[in-house]
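This briefing sets out the fold of one protein chain and the surroundings of selected residues. Please read it alongside the sequence and the coordinates.

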Amino acid sequence: RVAVCLHGGVRSFTHPEVYESVRENVLRSLEASFLRIFYVMNLTSDNCSWSAASSARRFSLMEVAPAMAALDTEGLTASVTVEPACC
């Protein structure tokens, strides 16, 4: 039995090569008999957190939905929590 928490800014999570890598290299590699995914996401992501030239982008849940659907092939999602933009 395994619970996985995916936490952080969305940033590149919406790119197929990123979420497919998570699916193959994290979720499937666990070979768990019971697996649940908990998402804790900040939908406001900056493209560079260490540079003064950083810019913020606000994602919608609809933009993240394809990535979540690709990981949730068997009803694995336990919860989705969206953090406030200030965090």
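**Sheet and overall fold**

Three strands make up an open sheet, arranged in the order β1-β2-β5 with parallel pairing. Its edges are formed by β1 and β5 (77-83), each of which pairs on one side only. From one strand to the next, the twist averages 10°. The model is predicted, and its secondary structure amounts to two helices and five strands.

**Architecture of the chain**

- Read from the N terminus, the elements follow the order β-α-β-β-β-α-β.
- In general, the strands of a sheet pair through backbone hydrogen bonds, in either a parallel or an antiparallel manner.
- Strand β2 (residues 35-42) pairs with β5 in the parallel sense, over six bridges.
- Within this part of the sheet, Ile37 stands opposite Thr77 of β5.
- Helix α2 (residues 61-71) lies across β1, β2 and β5, and runs at about 160° to β2.

**Contacts, burial and surface**

- Of the contacts in the chain with a separation of 6 or more, 74% are between residues 24 or more positions apart.
- The chain has 87 residues, of which 26% are buried.

**Gly8 in strand β1**

- Gly8 belongs to strand β1, which spans residues 2-9.
- Because its relative accessible area is 15%, below the 20% limit, Gly8 counts as buried.
- Leaving aside neighbours within four places in sequence, the contacts of Gly8 are Val40, Met41 and Asn42.
- Gly8 and Ser45 are separated by 37 residues in sequence, while their C-alpha atoms are 8.8 Å apart in space.

**Arg23 in helix α1**

- Arg23 is located in helix α1, which covers residues 16-27.
- Is Arg23 buried or exposed? Its relative accessibility is 18%, and a residue under 20% is classed as buried, so Arg23 counts as buried.
- The side chain of Arg23 reaches the backbone oxygen of Ala70 at 3.4 Å.
- Beyond its neighbours within four places in sequence, Arg23 is in contact with Arg28, Ala70 and Leu71.
- Helix α2 comprises residues 61-71, and Arg23 of helix α1 has Ala70 and Leu71 among its contacts.

Terms used. Residues are numbered from 1 along each chain as its sequence is written. This is a predicted model: local features need pLDDT of at least 70, side-chain atom pairs count only at pLDDT 80 or more; totals for chains, interfaces and linings use all residues. Side-chain values use heavy atoms; hydrogens and water are left out. Helices (H or I, at least four residues) and strands (E, at least two) are DSSP runs, numbered from the N terminus. Buried means under 20% relative accessible area, exposed over 50%, partly exposed in between (1.4 Å probe, protein chains only). Contact means heavy atoms within 4.5 Å. A polar contact is a pair of N or O atoms within 3.5 Å; within protein, one must be able to donate a hydrogen and the other to accept it, and residues adjacent in sequence count only if both atoms are side-chain atoms. Two strands pair if DSSP finds at least two bridges between them. Axes are lines fitted to C-alpha atoms, for helices over the stretch in contact, and angles run from 0 to 180 degrees between N-to-C directions.
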